[in-house]
Amino acid sequence: MDGGAAGLRLPTLRLEQSGRVLTAWVDAPPFNYMTSAMQQDFIRLVEAVEHDASVGAVVVTGALPGRFITHFDIAQMSSGTDGAVEISARAPGTCTGVCGP
């Protein structure tokens with residue numbers, strides 16, 4: 001991948017790296033709803049960071065004034081076609097970062 005994790009082009013996240021800190025701005029106007037596209041972008045970002053030794057920390061913040069991630073897009077969720085990804089599909093014991101119980 002050209003440019004490492006910071007070089008990703010993601011529809012709902014803007015990325016900028018300064019030193020070892022990668023900042024991801026959640027940028028999905030007008031409300032920054034969590035959608036399946038945003039889920040996919042976060043998954044792609046995490047996978048890229050796992051393989052990018054130049055990144056030591058990731059800061060996630062909202063790009064829109066007064067907004068971070070509002071909530072899940074209810075219309076998309078209600079349609080039954082949200083395209084949500086099974087995030088827990090990794091084999092047990094394959095976590096390479098901070099993992100929950």
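Me: How many residues has H1, and what does it reach from its first C-alpha to its last?
Reply: H1 has 15 residues and reaches 21 Å from its first C-alpha to its last, close to the 21 Å expected at 1.5 Å a residue, where the expected span is 1.5 Å times one less than the number of residues. Helices (H or I, at least four residues) and strands (E, at least two) are DSSP runs, numbered from the N terminus. This is a predicted model, in which local features need pLDDT of at least 70, side-chain atom pairs count only at pLDDT 80 or more, and totals for chains, interfaces and linings use all residues. Residues are numbered from 1 along each chain as its sequence is written, and side-chain values use heavy atoms, with hydrogens and water left out.

Me: Which residues of H1 are buried?
Reply: Among them are Phe-42, Ile-43, Leu-45 and Val-49, buried meaning under 20% relative accessible area with a 1.4 Å probe, protein chains only.

Me: And which residues have the most contacts inside the largest nonpolar core?
Reply: They are Leu-13, Leu-15, Leu-22 and Leu-45, in a core of 18 residues; such a core is a set of buried Ala, Val, Leu, Ile, Met, Phe, Trp, Tyr and Cys residues joined through side-chain atoms within 4.5 Å. Its largest share, 5 residues, comes from H1.

Technical notes. Buried means under 20% relative accessible area, exposed over 50%, partly exposed in between (1.4 Å probe, protein chains only).
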